[in-house]
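Reader: I'd like a close look at one part of this model, the pockets, with a bit on what surrounds them. Could you walk me through it?

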Amino acid sequence: MATASAHHTARAQADETADEAARTAAYEAVFDAAVAADERIEPRDWMPDAYRSTLVRQIAQHAHSEIIGMQPEANWITRAPSLRRKAILMAKVQDEAGHGLYLYSAAETLGVGRDELLDKLHSGRQKYSSIFNYPTLTWADVGAIGWLVDGAAITNQVPLCRCSYGPYARAMVRVCKEESFHQRQGYELLLALSQGTPEQHAMAQDAVDRWWWPSLMMFGPPDDESSHSAQSMVWKIKRHSNDELRQRFVDIAVPQAESLGLTLPDPDLVWNEERGHHDFGAIDWTEFWEVLKGNGPCNEQRITQRRRAHEEGAWVREAAAAYADKHTSGTGGSASTTGETGATRA
Amino acid sequence: MTLTVNTAAALALGDDALVLSHRLGEWAGHAPVLEEEVALANIALDLLGQARVLLSMAGDEDELAYLREERAFRNLQLVEQPGGDFAHTIARQLYFSTYQRLLYTQLAAGESEFAPLAAKAVKEVAYHQDHAEQWTLRLGDGTDASHDRMSRACEALWRFTGEMFQPVEGVDIDWEGMRAAWLESVGATLLRATLSVPEGPQSGAWTAGAGRQGLHTESFGRMLAEMQHLHRSHPGASW
């Protein structure tokens, strides 16, 4: 790690500089060089304020998406049509809560608290993925979410495993492993429906028809309207543009739809020999911005449920905190319980 | 030696696990902290796993889960009680996990057809019991408000506990010994949690053993309607 030790030396030299501005400039040069050399930035490293706040925003929104994303799927846990599917779905929703926990931990390394982030989610100051504002109307939606929504998420997230910020990159490695598993399960669920009775096949097709376009919107606005993209790419938080990733996803999904025996609801979808990619129809960006503004089909319901769970759970968190206060002095208390971490920080 | 499966016993134990798993699954997305989203789903999954093994011993797991009507279910009334607040969920779990741990410990040591399942399940159930006990302590000995809620929950569910000690045919264990051990364990936890052991009768609104005879409480039919609706809407389909 010749570069790392060079940076260390440069940073030590910067520390000796008395002038504040000169020191910041020297730190910045060390940071830029580390990013350029594909080194990981770690929590105790110096980083530009804007880099820190961009990461906090992105990681928090990612965590919020995992938590809100539990709702559309949990909607079907009590109605899953076989015990095997019920077990798979419960395990998936549990994994999502776990992903939320990893991601809040990653965000906390940047100096924000989980409670503060949850507060911002509940008050609408931070967002979550627009996709979770669509309703799950049939059992097949659970499969469509696994195949398309998790598929789009993976396309977005695999490059994040190489993100310049170490804790985020490492969280993504774990998240992506589990997401790929979920995606295969979703595909397999849809396949079972597609090859099942005519009613099941129709249910699968209807779900894909409703989830296809919202999934494409998950990659965010087109490149020329994406406000954070350029800087995020320089910082190697992002590795590919929204449109590049969207194209990659379409190219992967089309043959999968064929092998599922389902069609995609886009009459303009066609292989372009010259580009070596699929051309596809125009996305309804009006709908996208409306959903983002809070006017999607389930925005109100999702956030209300999240707030209600939090508010109705307040007495439980208070109880855990009060108990910890009474019993932690001296012995260090019992470490075996769950639920304390969030509570004592309140 | 081949063991003949006692279908009635497999159904009784399997239905307990199936129904409580379902009730815990209702918490997904509603838990008071994220750690509890994970914990409650985890317990629900363990129970569903047990249910699948037990129901498969008695027949086809999906036919048994989705195509029986409420009078044919053999679960305890305790496990079908709606979640209520978090204190009700914890009290229900404390009562049931303690029962299950004592039951499976005995079954694991025996030679019945349930021994292999019990040997695996007892490890899961020990975790469930610990989780319920830890929360009973925190809610009981937390704030005044949590103490009141936990106290009310323990009282409200107490009348469903007597049914647990009605012998299940085909489950060869020391039932009277289990009742004593259960009372001792739960009683000690409640006292540590600054709660008192409820004084009311342990038999429910029906005669003792009602759930085991297919006599259930009103909310159970609605729970099954939700659980079975999709499966029943597509007769013969596979999923």
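Author: Here is a walk through the pockets, then the interface between the chains, then one histidine. Keep in mind that this is a predicted model.

Let's start with the largest pocket, which has a volume of about 1,200 Å³. It is lined by 44 residues, and the ones closest to its centre are A:Gln58, A:Gln61, A:Asn156, A:Met218 and A:Gly220. Which elements give two or more residues to this lining? They are α3 (49-68), α7 (140-157), α8 (166-194), α10 (229-234), α11 (242-260) and α12 (285-295), and they belong to chain A. Among these, α3(A) gives the most, with seven residues.

Now for the second largest pocket, with about 300 Å³ of space. Here 15 residues make up the lining, and the list of those closest to the centre takes in both chains: A:Glu312 from one, and B:Trp27, B:His30, B:Gly84 and B:Asp85 from the other. Helix α13 of chain A (residues 299-312) supplies the largest share of this lining, four residues.

On the chain B side 51 residues are in contact with 52 residues of chain A. Between them the two chains bury about 4,500 Å², and carbon and sulfur atoms give 64% of that area. Within chain B, the residues that lose the most area to chain A are B:Leu34, B:Arg138 and B:Trp239, which together account for 19% of what that side buries. The interface also has two salt bridges by the rule used. One pair that forms a salt bridge is B:Asp141 with A:Lys326, where the closest N and O atoms are 3.0 Å apart.

Last, a look at B:His128, which sits in helix α6 of chain B (residues 115-140). Is this histidine buried or exposed? B:His128 counts as buried because its relative accessible area is 0%, and the cut-off for buried is under 20%. And what is B:His128 in contact with, once its neighbours within four places in sequence are left aside? The partners are B:Ile43, B:Asp46, B:Leu47, B:Gln50, B:Gln93 and B:Ser97.

Notes:
Residues are numbered from 1 along each chain as its sequence is written. Chains are lettered from A and ligands numbered from 1 in the order in which they are written. This is a predicted model: local features need pLDDT of at least 70, side-chain atom pairs count only at pLDDT 80 or more; totals for chains, interfaces and linings use all residues. Side-chain values use heavy atoms; hydrogens and water are left out. On a 1 Å grid over the protein atoms alone, a cavity is a set of points where a 1.4 Å probe fits but cannot get out, and a pocket is an open set with protein on both sides within 12 Å along at least five of seven lines; lining residues have an atom within 4 Å of a point. Grid points are joined across faces, edges and corners, and a volume is the space filled by probe spheres set on the points. Buried means under 20% relative accessible area, exposed over 50%, partly exposed in between (1.4 Å probe, protein chains only). Contact means heavy atoms within 4.5 Å. Buried area is the accessible area (1.4 Å probe) that two parts lose on being put together, summed over both. A salt bridge is a side-chain nitrogen of Lys or Arg within 4 Å of a carboxyl oxygen of Asp or Glu.
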